[in-house]
Amino acid sequence: MWCTYACGSSEHTISRRGFLAGAVGGALSSLTLDPFTRPAFTHELNKQQKRVLMIWLHGGVSQLETWDPKPGTKTGGPFQAIPTSVPGIHICELLPCTANIMHHLALVRGLNTAEDDHSKGAYIMHTGRRQEPAMKWPHLGSVCAKLLGSTDNPLPGYIHITPRGNGGVNSEDAAFLGPRFASVSLSDGHAPANLDRPAALTEVADQQRHEFRVHANQRFLRSRRTAQTEAYTNSYDQAAQLMRKRDLFDINKEPPCVVDRYGRHDFGRHCLMARRLLEGGATFVKVMHTNYDTHHENFDFHIEQLGEFDRPFATLIDDLHDRGLLSSTLVLVVSEFGRTPNINRNYGRDHWSRAWSIALAGCGIKGGSVSGKTNAEGTAVADRQVNGGHLFHTYLSALGFNSKKNFYIEQRPIPIADPKAAPIKEVLA
Amino acid sequence: MTTAPTPKIDPAKTHLLKEYKHDSPLLGCRFDPSGQFVFAGAQDNNVVRWHLDSGKKVVLTGHKSWIRALAFAAGPHAERGDQKLLFSGDYVGRILAWPVDGDQPRPIRILEGHRGWVRALAVSPDGALLASCGNDHLVKLWSIPGGELIRELAGHACHVYNVAFHPDGKRLISADLKGIVKVWDVAKGEAERELDAKILYKYDPSFRADHGGVRSMTFSADGSLLACAGITNVSNAFAGVGNPLIVLFDYKSGKVKQQLRPKTPFQGTAWGVVIHPEGFIAGVGGGNGGMLWFWKADNAQDFFNLRLPNNARDLDLHPDGRRLAMAFFDGAVRTYDMG
């Protein structure tokens with residue numbers, strides 16, 4: 001394929017993730033998998049630099065111990081509801097710092113995702129769709145990497161900071177969007193591998209190698225310029241840019257007092273890294289906090305886990321706001337589902353997707369708003385029931401996109417969000 | 001007319017005596033020192049009192065959250081007719097004092113006890129001091145006659161789950177989530193030494209959470225033994241996969257005398273323990289159903305056990321030494337006769 005290299009399309013850039021994973025060849029093979037970009041979209045995306053922060057409370061946080069407390073009821077548990085910075089909105093006492101920033105948050109209390117399985121619930125909350133045998137849908141992170149990311153950004157478009165596991169690329173997340181928009185996991189907040197120049201390679205030697213490569217490339221390109229060769233060259237440039245940005249992954253560059261404000265435990269460190277990445281131009285950052293799958297001793301465990309969550313989260317929102325980033329950063333606090341109103345014999349709560357809650361903040365979100373309502377004991381949605389599809393529309397609308405639009409696969413329109421759902425307008429600014 | 005002799009106490013003949021029912025799961029239970037009543041703390045934020053003979057039930061309202069901590073004071077001058085008091089601690093951190101008797105007791109004193117849950121209460125043998133502990137990592141000593149805070153004992157680094165006075169009244173024991181057991185000099189307010197019950201604690205790296213703690217704690221009447229109950233061998237904290245364990249300490253040396261375990265495998269937590277004046281130890285557990293076990297101090301395995309109808313969450317011994325009370329998830333207090 002000969003290149004019309006004035007087009008500037010994203011097809012002509014190689015995956016920076018592929019490069020970092022040492023899979024340049026694999027990345028090159030994906031160059032033809034990106035037929036979806038339409039000029040209208042590109043224009044829409046580039047209007048403003050917007051970002052997304054997803055806080056993933058892994059295992060299924062209890063809505064009754066967070067956003068929709070029911071104190072004094074059979075299902076309410078032992079905790080109290082506390083007032084927030086928004087008169088009339090109360091949340092659980094386990095979130096005192098979050099209560100102080102409620103004017104930045106919106107609550108969706110009428111969520112019914114009708115799926116109590118961990119992986120299927122996670123799929124709904126990441127894609128806005130139920131699993132289908134014949135179709136894999138891309139994660140919100142991949143969609144945002146596609147719609148919001150810019151081709152000259154050296155940072156991965158969808159970064160996932162996880163407290164454990166292996167780092168690397170999760171190709172399936174991007175589905176038909178292609179591996180370029182897949183998530184890159186940073187295990188325990190460690191930077192992608194190979195960002196540092198090998199110790200055995202001096203700076204001078206590195207520079208000499210770079211100059212030699214450029215020289216050889218230029219000679220080759222004079223006679224054989226193709227999309228692949230262009231992408232190959234770009235991959236090196238982007239990798240070099242990313243290496244120059246490696247400090248973004250290092251929270252030790254922050255003053256100790258700032259690290260202390262976030263907390264020195266995993267979630268505190270990871271929230272601070274998220275702030276550094278978002279500030280440094282990252283498009284979509286997901287921070288996982290684990291674990292909330294509290295079939296046993298739900299209340300003791302929520303004291304511990306939300307005790308970790310509350311302050312770093314509120315600090316992060318405050319910092320984004322103070323730095324002028326919150327209005328252009330959509331923030332989601334989500335799980336795969338909530339937890340049963342019923343308290344089991346082991347002081348636990350089990351999986352529950354029929355009536356639960358999430359929180360939103362930032363870009364396009366009406367701070368201090370609440371959508372939906374559950375009944376007195378939280379066993380059913382009483383008003384304004386929504387599902388994962390509504391959430392996906394809401395996210396896209398909050399970011400300024402028309403969520404009714406399509407992706408195109410070989411000219412075939414694929415709705416970005418579930419056509420049966422619509423945005424939750426009550427929480428949109 | 002002659003009275004039939006009271007049967008000898010025999011744990012192997014333990015049987016259900018009576019069931020007292022409430023409509024909310026129960027967390028803790030205690031007999032009052034006179035032996036007339038059994039009290040329970042419930043998940044509906046109420047304390048419930050039953051008259052043991054008549055079964056008459058009275059609901060004591062005043063708490064705003066769950067109640068597990070219960071303790072009684074005869075009054076420092078009971079001989080002069082001081083009112084007998086029940087202290088109950090809840091999960092908003094308040095301690096309420098109630099008259100034990102009366103048709104419908106109302107709280108006569110409210111102590112702002114702890115930031116976070118009050119986990120346990122204990123009254124000194126002379127009836128002058130109330131000890132409390134909670135999620136603020138503190139142990140507190142209160143004057144029972146006046147209700148004043150006398151002392152804060154700081155030193156635990158996590159939630160404090162239990163307190164108990166040594167029968168000599170000079171030492172107070174506190175135990176926490178991580179199995180640290182501290183011995184305090186009551187007069188000086190200083191920690192003297194620590195006992196190690198860390199086997200009742202685990203940090204679960206999969207779920208990234210702390211689990212365990214000393215869920216029940218008691219002395220033998222002579223003060224030579226201290227029993228700490230909880231869960232061990234935890235392989236999955238969030239599913240409660242582990243086994244009940246009672247760590248029996250030789251109090252003087254501070255060494256573990258015995259680790260008391262169920263002979264038949266059981267999954268769950270030991271939520272209650274008592275040491276009988278005759279020397280045997282009784283424990284109850286909940287998790288995969290409910291169980292009652294009896295051990296002798298010189299044998300790690302129980303010599304008798306009884307399947308309970310539901311998950312048991314607490315255990316107390318009646319002043320007559322024959323009866324046991326247990327609080328259950330299904331809202332019942334059940335009394336059992338050991339003979």
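Two residues are taken to be in contact if their C-beta atoms, placed from the backbone, lie within 7 Å. The model is predicted. By this criterion, and with neighbours within four places in sequence left aside, B:Cys228 touches B:Ala175, B:Val181, B:Ala197, B:Leu200, B:Val214, B:Met217, B:Ile246 and B:Val247.

B:Cys228 belongs to the largest nonpolar core, which holds 113 residues. Within this core, the residues that touch the most other members are B:Val38, B:Leu121, B:Ala227, B:Cys228 and B:Ile246. The top contributor is strand β21 of chain B (residues 225-236), which supplies 7 residues. A second core is separate and comprises 101 residues. Its members include A:Leu107, A:Val108, A:Val386 and A:Ile416.

Confidence was examined for chain B and for the complex. Chain B has a mean pLDDT of 95, and 97% of its residues reach 70 or more. For the complex, the predictor gives an ipTM of 0.96 and a pTM of 0.90.

The contact between the chains draws on 17 residues of chain A and 18 residues of chain B. On the chain B side, β19 (209-212) and β25 (281-287) each provide at least two residues. That side consists of 8 nonpolar, 7 polar and 3 charged residues.

In chain A, helix α11 spans residues 298-322, 25 residues in total. The distance from its first C-alpha to its last is 35 Å, close to the expected 36 Å. Just after the helix, A:Gly324 adopts a positive phi of about 75 degrees.

Conventions:
Residues numbered from 1 in each chain as written. Chains lettered and ligands numbered in written order. Predicted model: local features only at pLDDT ≥ 70, side-chain atom pairs only at ≥ 80, totals over all residues. Helix = DSSP H or I, 4+ residues; strand = E, 2+ residues; numbered from the N terminus. Nonpolar A, V, L, I, M, F, W, Y, C, P; charged D, E, K, R; others polar. Expected span 1.5 Å × (residues − 1). pLDDT = per-residue confidence, 0-100. Core = buried A, V, L, I, M, F, W, Y, C linked by C-beta atoms within 7 Å. Buried ≥ 20, exposed ≤ 12 C-beta atoms within 10 Å, placed from the backbone.
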